[in-house]
Amino acid sequence: MTIRRLPPETVNRIAAGEVVERPASAVKELVENALDAGARSVEVQADGGGLTRILVADDGAGLSPDELPLAVERHATSKLSPDAAGDYDLLRIATLGFRGEALPSIGSVARLSISSRARGSADAYAILVEGGAMGAVAPSGFPGPHGARVEVRDLFYATPARLKFMKSERSEAMAIAEEIKRQAMAHEAVSFALDIDGRRVLRLPAESKGPDGRLARLSSIMGREFSENAIAIDQERDGVRLSGFAGLPTYNRGNSAHQYLFVNGRPVRDRLLQGALRGAYADFLARDRHPLVALYLELDGSLVDVNVHPAKAEVRFRDPSLVRGLIVGGLRHALAGAGHRASTTVASETLSHIRPGWSPQPQPSAQGFSAWQMGGWSQVAQAIPGLTEVSARAEPEAWNAPYAGLQEAPAPSVVFDPVDFPLGAARAQVHETYIVAQTRDGVVIVDQHAAHERLVYERMKVEMADGGVARQVLLLPEVVELDPAEADRVVGRAEELQALGLMVEAFGPGAVLVRETPALLGETDVAGLIRDIADDLAENGQALALRERLEEVCSTMACHGSVRAGRRLTAPEMNALLRQMEATPHSGQCNHGRPTYVELKLADIERLFGRR
């Protein structure tokens, strides 16, 4: 077989296929160039899903006429500089782009035009590239004092086979919008605008740099509810800083589309984030529910490799366990700090299901008015069975009496009205299931079983952590055969597994010997458990399978040991439950992410009755 040297235009088109996979890829590269140029305003226009036309305009530093031809040459870039020895350091990348491939790749498969005015220059210039053929630099008009306008027409016209693999125009347009949102979330101090087919899609004004501005930007993209239900995160460990915001467990979604990770200002997709989130929220969400988070990692460029993917969508950390531990620890610390807080969407969803003007069947007859004429409503009220009955009634003076099944409510150091507590004072129990409490500005409805189940579960976790996980010795140690790499991973985490009650050791190449298992699991499928742990270690770097099984058992035990629905509680019992909820982290949601209480503000209730 004869070896041939490919012509330059073919080489460029092959390279373009790696860098520019779809219109959104071209938009990403052009926006990153604008941000690297110091732009404070980025405007994007896309027609025909980006296949017909893409325009990216910015107010960055701009390009001089001498730089324009270099900008469309492969591997020519302004973002890498040689050191004293003439070497280029690829381990400390401080910009979003650095390869010098984006513009020449786009120009080799499309009709590309660049017009620019350099900062401080009076004149503007432009250059055209069609299918890899570069034109001459010529004077051009330019609307702003400095910056660049990059227009891409007929994307992939030079490689028509690629067009067959494009999705619908609507799908490509949605991918472009998602890319702009990610870039905007990473750079809150830059304003972004996006028009698709002449229709305004996004207008994001520049926000102040810092946590407040970042949360405002996230709120404008992810929805106002996110800012109301987000917990701030700011942790640092060994030179790696984690900041951002995470949603409360009760504020969740059915997919992971709203989970974002940014590394040194670069939006990335990383499996490490998925595993870390699963570990951090394992106590609070069912497997099919996902939290909303936006996390920002800042670390020295030498600790992360951004040169592992042609599109720079993935990164590799020098110490992934440090980063994973920081994410899990930071999220758990923030969730613990949220205390008993539940998301505000719980109340809004409750109100959305209430129909103003609804009345039970059958409808009242005209006799109601006649009864009033005959002397008032008392006779009618007495005729309704059970109207004056309640499941249980709580008297205010008995709010802090003890209850054997719950810890005694703490006696206040100063006397004040119990409605001033965060969850208020219990006023009644309805249907032997729900506690109704009054706060200073509203009403709280508590699911007594879900709430107490959470309290028992949290207490069991603390006791398990303090006393360690009890182990049971297997009558016959079990040998589990694995792939050699999987066996090495499992044995390498033997100390961590021992803390969870599982004793493992190496048993030759590709095998693991199990001597003891957690007593909580009872009789269990040891081989299946080990294989699940090996899969978790390969995918997430954590033994989540074992931890989740232990937590599932604890959750089941807590369910059986908690106050059941249908049990009548006394006033002291109800108030003691409320006080424990206020003092226990994570008590705002049950073990599956459902709320344990709903709070309705007085203003919301007044709106239901037309008072507002």
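The structure is a predicted model. The protein chain contains 20 helices and 26 strands, and buried residues make up 47% of its 612 residues.

**Confidence of the model**

- The average pLDDT of the protein chain is 80, and 81% of the residues score at least 70.
- Residues 357-391 have a pLDDT below 50, and this stretch has 11 contacts in the model beyond near neighbours in sequence.
- Residues 397-405 also have a pLDDT below 50; beyond near neighbours in sequence, this stretch has 18 contacts in the model.

**Nonpolar cores**

- The largest nonpolar core has 61 residues. The members that touch the most other members are Val31, Val42, Leu112, Ile180, Met185, Phe192 and Phe226.
- Helix α6, formed by residues 169-186, gives the most to this core, with 8 residues.
- A second, separate core has 37 residues, including Val268, Leu322, Ile327 and Val328.
- Leaving aside residues up to four places away in sequence, Met185 touches Arg217, Leu218, Ile221, Met222, Tyr260, Phe262, Ala294 and Tyr296.

**Helix α10 and Pro320**

- Pro320 lies in helix α10, which covers residues 320-337.
- The relative accessible area of Pro320 is 34%, which means that this residue counts as partly exposed.
- Between Pro320 and Leu272 there are 7.9 Å in space, C-alpha to C-alpha, although the two are 48 residues apart in sequence.

- Strand β24 (residues 503-506) and strand β25 (residues 511-518) run antiparallel and are joined by 4 bridges.
- Glu505 has Leu513, in β25, as its bridge partner.
- The hairpin has 4 residues between the strands, and Gly508 takes a positive phi near 80° there.

**Helix α19**

- Helix α19 is formed by residues 571-583 and has 13 residues. From its first C-alpha to its last, α19 reaches 19 Å, close to the 18 Å expected at 1.5 Å a residue.
- Because 12 of its 13 residues are buried, α19 is largely enclosed by the rest of the structure.
- Glu582 and Arg579 form a salt bridge through their side chains (2.9 Å, N to O). Both Glu582 and Arg579 are buried.
- Glu582 and Arg579 are 3 residues apart in helix α19, so about one helical turn separates them.
- An α-helix has 3.6 residues a turn, so residues three or four places apart point the same way.

**Salt bridges elsewhere in the chain**

- The whole structure holds 21 salt bridges.
- One of them joins Arg111 to Asp154, with the closest N and O atoms 2.6 Å apart.
- Arg111 belongs to strand β3 (residues 111-117), whereas Asp154 is in the loop between β7 (147-153) and α5 (160-163); the pair therefore ties together parts that are 43 residues apart in sequence.
- Arg111 is partly exposed, at 29% relative accessibility, and Asp154 is partly exposed as well, at 32%.
- Arg241 and Glu298 form another salt bridge between their side chains (3.7 Å, N to O).
- Arg241 is in strand β11 (residues 240-247) and Glu298 is in strand β16 (residues 293-298), so this pair ties together parts that are 57 residues apart in sequence.
- Arg241 counts as partly exposed, at 28% relative accessibility. Glu298 is likewise partly exposed, with a relative accessible area of 35%.
- A network of salt bridges links Asp47, Arg53, Glu151 and Arg153.

Terms used:
Residues are numbered from 1 along each chain as its sequence is written. Side-chain values use heavy atoms; hydrogens and water are left out. Two strands pair if DSSP finds at least two bridges between them. Helices (H or I, at least four residues) and strands (E, at least two) are DSSP runs, numbered from the N terminus. The expected span of a helix is 1.5 Å times one less than its number of residues. Buried means under 20% relative accessible area, exposed over 50%, partly exposed in between (1.4 Å probe, protein chains only). A nonpolar core is a set of buried Ala, Val, Leu, Ile, Met, Phe, Trp, Tyr and Cys residues joined through side-chain atoms within 4.5 Å. Contact means heavy atoms within 4.5 Å. A salt bridge is a side-chain nitrogen of Lys or Arg within 4 Å of a carboxyl oxygen of Asp or Glu. pLDDT is the predictor's confidence in each residue, from 0 to 100.
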